[in-house]
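Visitor: Please take one part of this structure and go through it closely. I would like to follow how the pieces connect, with the cut-offs stated.

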Amino acid sequence: MLDGTAGQDVPVGFGFRPYRGDEDHGAMAAVRLGCVERDRVDVHSVVEGLPTAAEIAEASAKLEQPSRNQILVVLDGSVVGYSTIRWWQERDDTWLYLHRGYLLPEHRGQGIGSAMLSWAEARIRQLVKQHGTARTAVIGANAMASEQDATALLRAAGYRRVFSLVELELGDLQQVPEGSELPAGIRTGPIGKSHYRAAWRTVVDSYADTSFTQRWPFQDFVDTADPACWRAAWNGKDMVGVALCSIRRHDHAVGEVEELSVRRDQRRLGIGRVLLLDGLRSLREQGATTARLFTGTANPHRSYDLYESVGFRQQNEYVRYRKPLA
């Protein structure tokens with residue numbers, strides 16, 4: 001059974017059906033592969049790359065009621081597109097209901113994308129009613145800056161851009177610059193389990209004045225902890241900064257700088273650069289040959305300048321759009 005209004009006003013031969021689990025993952029991966037050239041997808045992206053069937057299975061398993069919040073577009077029985085809905089609460093108490101759709105390029109321009117969008121919005125309104133979140137809920141959607149078709153569709157449907165992320169790559173970890181001098185009294189080192197709460201708090205506090213960011217409970221931090229390449233800076237017993245780096249699970253040649261945070265009163269002293277370089281060297285020691293990270297384009301702390309100074313270069317831009325629920 002489909003929720004929403006899927007399948008209305010689409011060309012003959014096309015239809016919508018619920019996600020069915022394992023039997024769909026290969027076809028969904030094929031859709032993503034078929035979009036690469038037209039949408040100029042960065043296949044190695046840590047934001048949104050080219051997922052394998054196994055990665056799609058993993059992501060689908062994390063959805064609530066995936067058979068009701070994920071639909072497939074079929075043409076004469078073959079999968080040619082799909083849409084997914086997920087939601088979370090942001091730091092300012094906004095409930096964001098995010099939909100994301102993919103459609104093979106040869107089937108665009110026929111109204112199918114608009115029908116997928118209509119299904120997603122109708123299903124989100126059902127969810128908002130069920131959850132009782134109407135007072136603070138908004139509809140969201142993502143599109144890469146290179147996805148011209150998706151961008152045009154969202155803008156025509158009344159969505160507005162609210163922020164974007166840029167992804168950067170350091171192509172050769174052998175070229176990491178030497179470390180910089182730390183301010184007097186500051187030391188760096190690995191992060192052990194006894195430091196987890198301080199490290200989590202350092203990151204969370206760094207986002208206190210940042211809009212459109214998701215809540216991050218401490219237990220979620222613990223559940224996903226991978227400290228082999230984590231580094232922290234201390235002033236005496238007080239933690240003043242962290243670099244949380246990790247090896248990509250599905251591609252061990254790629255390292256990721258997941259978080260680089262320095263306490264407000266300790267910024268512009270060179271601590272962030274030292275932590276970043278320490279983290280990158282740790283990734284190299286663990287076998288990574290390249291590194292990726294992403295950051296907000298409106299970052300007030302000019303971290304973009306820091307990343308470029310050590311050799312990172314921009315790859316793509318990922319835009320978040322929003323639309324009022326009403």
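Guide: In the hairpin formed by β8 and β9, two residues lie between the strands, and Gly 236 takes a positive phi near 65°. The model is predicted: local features need pLDDT of at least 70 and side-chain atom pairs count only at pLDDT 80 or more, while totals for chains, interfaces and linings use all residues. Residues are numbered from 1 along each chain as its sequence is written, and side-chain values use heavy atoms, with hydrogens and water left out.

Asn 235 stands opposite Asp 238 in β9. Strands here are DSSP runs of E of at least two residues, helices are runs of H or I of at least four, and both are numbered from the N terminus. Two strands pair if DSSP finds at least two bridges between them.

Strand β8 covers residues 229-235 and pairs with β7 in the antiparallel sense over five bridges. Gly 189 has Ala 232 of β8 as its bridge partner, and Pro 190 has Arg 231 of β8. Six of the seven residues of β8 are buried, so this strand is largely enclosed by the rest of the structure. Buried means under 20% relative accessible area, exposed means over 50%, and partly exposed lies in between (1.4 Å probe, protein chains only).

A hairpin with two residues connects β9 to β10. Arg 248 has Asp 251 of β10 as its bridge partner. Cys 245 is buried, with a relative accessible area of 0%. The count of disulfides (pairs of cysteine sulfur atoms within 2.5 Å) comes to zero. Cys 245 is accordingly in no disulfide, and the nearest cysteine sulfur, that of Cys 229, is 6.7 Å away.

The pairing then takes a parallel sense: β10 and β11 (residues 290-296) share three bridges. Glu 256 stands opposite Arg 292 in β11.

These strands belong to an open sheet of twelve strands with mixed pairing, in the order β1-β2-β3-β4-β5-β12-β6-β11-β10-β9-β8-β7. Strands β1 (14-18) and β7 (186-190) stand at the edges with a single partner strand each, so one side of each is left without a neighbour in the sheet. Neighbouring strands are turned by 25° against each other on average, direction ignored. Angles are taken between N-to-C directions and run from 0 to 180 degrees; the axes are lines fitted to C-alpha atoms, for helices over the stretch in contact.

Helix α5 (residues 112-131) packs on the sheet, touching β1, β2 (70-75), β3 (78-89), β4 (95-103), β5 (137-144) and β12 (313-324). Its direction makes about 155° with that of β4. Helix α6 (residues 148-156) also packs on the sheet, touching β4, β5 and β12, and its direction makes about 155° with that of β5. Contact here means heavy atoms within 4.5 Å.

The loop between α5 and β5 holds Arg 135. This residue is exposed, with a relative accessible area of 79%. Arg 135 and Trp 216 are 81 residues apart in sequence and 22 Å apart in space, C-alpha to C-alpha.

In the order of the sheet, β6 stands between β12 and β11. Arg 160 is in β6 (residues 160-170) and is exposed, with a relative accessible area of 54%. Leaving aside its neighbours within four places in sequence, Arg 160 is in contact with Arg 320, Tyr 321 and Arg 322. The C-alpha atoms of Arg 160 and Ile 85 are separated by 18 Å, with the two residues 75 apart along the chain.
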